[in-house]
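Look over the sequence and the model first, then read the points below.

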Amino acid sequence: MKRGHAVLVSLIVAAAAIVGIAAASHTVGLGRAARPAALSSAQIAARSRALDRTEAALRRMLRRSSTAPARATPVRPERVIYVRPAPHVVTLHPHGDEHEAGDEGRDEGELDD
């Protein structure tokens, strides 16, 4: 490998390494920013009460839907009928006559224009 090519390849590898290190440090920084801050016990209690209210509302909705009368419209599965296509028959003649298809009526000495 020529010296110029080796320098060019090493510069490309170095640039890729620098970009990779920058991307990794950016990703680590995002992880730090996503970490929640410390919550006080009052905030935790408020969130817990809100979750309890939501859970109770969902249980009430579930209880109402399970006691509702069932609908009287049964769902029947769709019926599928498969119809086979007509067979495609190809007849091959093992010993045909001397002329190929489309050559009928042409003299053998005749030239095509």
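A helix here is a DSSP run of H or I with at least four residues, and helices are numbered from the N terminus. By that numbering, helix H1 covers residues 3-34 and contains Val13. The model is a predicted one. The protein has two helices and zero strands.

**Surface and burial**
- The protein consists of 113 residues, and 0% of these residues are buried.
- Its accessible surface amounts to about 11800 Å².
- Carbon and sulfur atoms account for 60% of that accessible surface.

**Nonpolar patch**
- A nonpolar patch on the surface is formed by Met1, Val9 and Val13.
- Together, Met1, Val9 and Val13 have about 350 Å² of accessible area.
- Val13, a residue of helix H1, counts as exposed because its relative accessibility is 53%, and exposed means over 50%.

**Salt bridge**
- One salt bridge is found when the whole structure is searched.
- This salt bridge joins the side chains of Arg59 and Glu55, with an N to O distance of 2.9 Å.
- Both residues belong to helix H2, which spans residues 41-67.
- Arg59 and Glu55 are four residues apart in helix H2, so about one helical turn separates them.
- The relative accessible area of Arg59 is 52%, so Arg59 is exposed.
- Glu55 has a relative accessible area of 38% and is therefore partly exposed.

Notes:
Residues are numbered from 1 along each chain as its sequence is written. This is a predicted model: local features need pLDDT of at least 70, side-chain atom pairs count only at pLDDT 80 or more; totals for chains, interfaces and linings use all residues. Side-chain values use heavy atoms; hydrogens and water are left out. Patches are made of residues with over 30% relative accessible area and no salt bridge: like charges are joined within 9 Å, nonpolar side chains (Val, Leu, Ile, Met, Phe, Trp, Tyr) within 5 Å. Accessible areas come from the Shrake-Rupley method with a 1.4 Å probe; for residues, only the protein chains shown count as cover. A salt bridge is a side-chain nitrogen of Lys or Arg within 4 Å of a carboxyl oxygen of Asp or Glu. Buried means under 20% relative accessible area, exposed over 50%, partly exposed in between (1.4 Å probe, protein chains only).
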